[in-house]
Amino acid sequence: MDFQEVVDSLPRYAEPLLVTVQVTLASAALALVVAFALGLMTSSKRLAVRTPARAFVEFFRGSSVVVQLFWFAFAMPVVLGIQFDYAIIAGIIALGLNYGAYCSEVVRGAIAAVPPGQLEASLAVNFTPFQRLRLVVLPQAWPEMIPSLCAFAIMLLKASALVSLISVTDLTAMAGLIGGQNGGQNLLAHYGLILVIYFVLAWLIWTGMRALERRAKRGIGIDAKPVKGRLTPAVAEKGLA
Amino acid sequence: MPSPTSNESIIRFDRVDKSFGDLKVLDGLSFDVDPGERVTLIGPSGSGKTTILRLLMTLEHVTPPKDPAADGGVIWVEGKPLSHMEKGGKLVVANERHLRQARKKIGMVFQSFNLFPNMRVLRNVTEAQVHTLGRSKDEAEAKARDLLELVGLSSKVDNYPSQLSGGQQQRVAIARALAMDPDILLLDEVTSALDPELVADVLGVLRDVADTTSITMLIVTHEMGFARDVSNRVMMFDRGQIVEEGAPDEIFSDPREARTQDFLRAVLAE
């Protein structure tokens, strides 16, 4: 193995790193919008609102994300005549819709977990249904969603590697590309390198989400600041994984 | 157009039915409440007391009668239908828009307080004033501070509900309900979830409210001393029916019905 070659190739990873970050952030943003839209719709009392949302969620959860990726990248241009200019956009849409469908269950669950007394009290002070949602339900449901959304964000980061399958040059594609040179003698080192990069990115997401959660919990009067040097109860119970 | 026979009642139940599935909780219940009257509802659990309050707050809805004009089954508040609305000269089941209008003058305090945990104390009392009564922020805040002083919690305006004791939370909930200037205040076992030493403060606040305002009150409580002091009338319920009603002294000192006697004996023995 030639470590000098790996070190020398580091600058070539700058652009693929940006691609991975872009795909992750853009599809996470799309997933969040989709998750709230579908989560609210599947929480609806009206069957006509709930059913299409339910069907969408089950379809996207029930079929392979890789197939969805291929479909948006290659089948859609043929079948529907829609051509995405960049494969990267097809990748963002596929990942965003797929993870949005999963996360909508997190949103729905957190909304359902708001105690019924809160709805009754907001009705007693005569809030409109929309005010109930905006002022009472969502502010209370949001901190409950963050840990699960954090887990999905990290999964999404890792799943972003799949865009390498539709000829987008992200970290994973680049590692294969550079590592494959000279008969692939440094392949292991390059895959080892991106393993570390993915881990660092995941750690950044995790840290950011923890800060967000603490802030959100303070917003409902819960001080979620962990005691220094001690595991938070949730981590102590479930382990770090 | 059917209308209540007495225009003086602020609340009129006219042969109201309420079923939960197969369980009939109220069966043709009728009663009237005069403006400013304080009525205490007593009776064993499952007798329909809380259901009456929840129907008035529109948290539950009456089991619709076939023909409201002939069969009744309608709740009236201040001479207007609450559970129903007028449409083409007939009474039809109320929609959300009608209910929003109709419940404006009704406030409720819950057994489990139900303060909004995501809002500080002051905002718990101001938010609905701003959003549903259209008051300015300053106006709402001035009103909230007055009411929080009335309930003895001026020093807690910037706290979150989770930082307050149960009794303090309940007093904030009373301020929140009063901030909406209700004509009718519904009190649903407001001290049942409190530690015994916190009950007196909450009841003290409610005594003040009763003494200084003319708000009509419907009270469901097991605090018989409080009921005796505050209310003008006591209604004893059993299985959705009024077993006996009268002035507090009559009911508590000299109940006629055996079921009332049994119930009071059981409650006072606690």
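Modeller: Two residues are in contact if their C-beta atoms, placed from the backbone, lie within 7 Å. Among contacts in chain A between residues at least 6 apart in sequence, 75% join residues at least 24 apart.

Biologist: What kind of model is this, and how are things numbered?

Modeller: The model is predicted; local features need pLDDT of at least 70, side-chain atom pairs count only at pLDDT 80 or more, and totals for chains, interfaces and linings use all residues. Residues are numbered from 1 along each chain as its sequence is written, while chains are lettered from A and ligands numbered from 1 in the order in which they are written.

Biologist: How many helices and strands does chain A have?

Modeller: Chain A has 10 helices and 0 strands. Helices are DSSP runs of H or I with at least four residues, strands are runs of E with at least two, and both are numbered from the N terminus.

Biologist: At what angle do α2 and α5 of chain A pack?

Modeller: Helix α2 (residues 14-42) and helix α5 (residues 87-112) of chain A pack at about 40°, and their axes are 5 Å apart. Axes are lines fitted to C-alpha atoms, for helices over the stretch in contact, with angles from 0 to 180 degrees between N-to-C directions. That angle makes α2(A) oblique to α5(A); angles under 35 degrees count as roughly parallel, over 145 as roughly antiparallel, 65 to 115 as roughly perpendicular and the rest as oblique.

Biologist: And α7 with α9 in chain A, at what angle do they cross?

Modeller: The axes of α7 (residues 129-159) and α9 (residues 187-218) of chain A cross at roughly 170° and come within 9 Å. The two helices α7(A) and α9(A) are therefore roughly antiparallel. Their contact has 16 nonpolar, no polar and 3 charged residues. Here Ala, Val, Leu, Ile, Met, Phe, Trp, Tyr, Cys and Pro count as nonpolar, Asp, Glu, Lys and Arg as charged, and the others, Gly among them, as polar.

Biologist: Changing topic: how many residues of chain B are in contact with chain A?

Modeller: On the chain B side there are 23, in contact with 18 residues of chain A. The largest share of that side of chain B, 4 residues, comes from α4(B). By class, the side of chain B that touches chain A has 10 nonpolar, 8 polar and 5 charged residues.

Biologist: Within chain B, what does I75(B) touch?

Modeller: Leaving aside neighbours within four places in sequence, I75(B) is in contact with residues including F13(B), V16(B), L56(B) and L82(B).
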